[in-house]
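Biologist: I would like to learn how to read a few local features in a model like this one. Please show it first.

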Amino acid sequence: MKTIVHVVGARPNYMKIAPLMDALKSSPDIRQILVNTGQHYDEAMSKGFLRELALPLPDRDLEVGSGSHAVQTAKVMIGFEEVCLTEKPDLVVVVGDVNSTMAATLVAAKLRIPVAHVEAGLRSGDLAMPEEINRLVTDRLADLLLTPSQDADDNLKAEGVPPEKIVFVGNIMIDTLMRHLPIATLDRLRPRLDLKERAYAVLTLHRPSNVDRPQTFTGILEAVHEIARELPIVFPVHPRTRERVREFGLERYLEGITLTEPLGYIDFLSLSSHARLVLSDSGGLQEESTALGIPCLTLRANTERPITVTHGTNRVVGMIPADILAGFRAAMSDTHLDRRPPLWDGHTAPRIATVLHKFLFA
Ligand code: UD1
């Protein structure tokens, strides 16, 4: 019997672990343990996802909460070290690029426990982005680098990672997306929101580089306000963003825009999959819009997911109002774009399960 410890902690982690735990659950020789670090703690940002995605209740809750990067990372490390010493895992699985991902990897590496990183190899080249540091550290220390796209393999090889550690498995988020798409209908949302098929845009914003700087945030909202004159916008607001709107007094730009609390996974998929356009600074949403064939404007200077531009529906438009508006005009003349990157096929989790079996039992 081998023990795998899976680590989740923040909103974008749950949909990446759920299909993998499911794919491994029929293995009689694997014991799975789920650790929730509690980096996110609001119902809508964490526990709601666990329930909706049918994840088991976490075996351990570290309850680290918010804090500076050092505080949050250190708290995960202290809690996770204790878990590793008690459970003695044969493998730790981490996903994505949040602080919990890097913190758990550091702990496991120092205890000489092998780490598998799902979504390895993505690079924005921008060290001002905390996630880029998390990606670099995690990939440098992980033993098994499971990549979503070929550009990720190329990045890792260019950094000198031995090719035998890298396995191109595809995008596990798309497994979760495909599984839930049939129930993600607009009718789910209609009691709360009056939406017409392909006649509205979805906006999300939460990146510190966008919302913590008054000038940048104001510029983005000016463009958003302009777009809302032509296309209704629905904006589920991240807690950080809500705080900044209040702090900088930006409420006037949001008049005429439909604001909601952060949505659960299926509600958000219902919203995004029937939209005409997505505007966002999220990483995962660039991938989901590509898989859905819906145009996406990425409100950032760069992307760690260039495949969504070359093989998908994404345009990286930056944060300057004129550029966002030019991107909007171009996106509105897009027709339905149906090009999915290789191995974004809904079968990534079983591929990863096979790789992990081989790693643990070979
Ligand atoms: C984190 C990840 C980011 C990911 C995002 C998704 C890092 C470095 N960042 O950013 O990659 O895209 O999650 O949401 O790991 N807050 C709440 N309730 C919560 C969680 C947060 O109110 O449940 C508020 C707090 O004011 C907190 C702030 O949001 O200080 C930021 O939370 P934090 O976890 O530090 O980072 P995110 O911006 O959510």
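Modeller: Start with Lys 88, which is found in the loop between α3 and β4 (91-95). Helices (H or I, at least four residues) and strands (E, at least two) are DSSP runs, numbered from the N terminus. This is a predicted model, in which local features need pLDDT of at least 70 and side-chain atom pairs count only at pLDDT 80 or more, while totals for chains, interfaces and linings use all residues. Residues are numbered from 1 along each chain as its sequence is written, and side-chain values use heavy atoms, with hydrogens and water left out.

Biologist: Is Ala 54 buried or exposed?

Modeller: Relative accessible area sorts residues: buried is under 20%, exposed over 50%, and partly exposed in between, with a 1.4 Å probe and protein chains only. Ala 54 has 64% and therefore counts as exposed. Lys 88, at 59%, is exposed as well.

Biologist: And why does Ser 124 count as buried?

Modeller: Because its relative accessibility is 14%. Ser 124 lies in the loop between β5 (115-118) and α5.

Biologist: What does the side chain of Ser 124 reach?

Modeller: The general idea is the polar contact, a pair of N or O atoms within 3.5 Å; within protein, one must be able to donate a hydrogen and the other to accept it, and residues adjacent in sequence count only if both atoms are side-chain atoms. Here the side chain of Ser 124 reaches the backbone nitrogen of Asp 126, at 3.1 Å.

Biologist: Asp 126 leads on to the pockets. Which residues lie nearest the centre of the second largest pocket?

Modeller: Rolling a probe the size of a water molecule over the atoms shows where empty space is left. On a 1 Å grid over the protein atoms alone, a cavity is a set of points where a 1.4 Å probe fits but cannot get out; a pocket is an open set with protein on both sides within 12 Å along at least five of seven lines; lining residues have an atom within 4 Å of a point. Grid points are joined across faces, edges and corners, and a volume is the space filled by probe spheres set on the points. The second largest pocket has a volume of about 240 Å³. Its lining has 14 residues, with Asp 126, Ala 128, Met 129, Ser 209 and Arg 213 nearest the centre. Two or more lining residues come from each of α5 (130-141) and α8 (208-211), and α8 gives the most, with three.

Biologist: How is the lining of this second largest pocket divided by class?

Modeller: Ala, Val, Leu, Ile, Met, Phe, Trp, Tyr, Cys and Pro count as nonpolar, Asp, Glu, Lys and Arg as charged, and the others, Gly among them, as polar. This lining has six nonpolar, three polar and five charged residues.

Biologist: How many cavities of 30 Å³ or more are there?

Modeller: The count is one. The largest cavity holds about 50 Å³ of space. Residues lining the largest cavity include Lys 16, Glu 119, Pro 148 and Met 173. The elements β6 (144-147) and α7 (172-180) each give two or more residues to that lining. By class, the lining of the largest cavity has six nonpolar, three polar and two charged residues.

Biologist: Which residues come nearest to the ligand?

Modeller: A residue is near a molecule if one of its heavy atoms lies within 4 Å of it. There are 19 residues around the ligand, and Gln 39, His 40, Asn 99, Glu 131 and His 206 come nearest. A ligand oxygen is 2.7 Å from an N or O atom in the side chain of His 40. Polar backbone atoms of Tyr 41 and Asp 42 are each 2.9 Å from an oxygen atom of the ligand.

Biologist: Which element gives the most to the shell around the ligand?

Modeller: That is α10, with three residues. By class, the shell has five nonpolar, eight polar and six charged residues.
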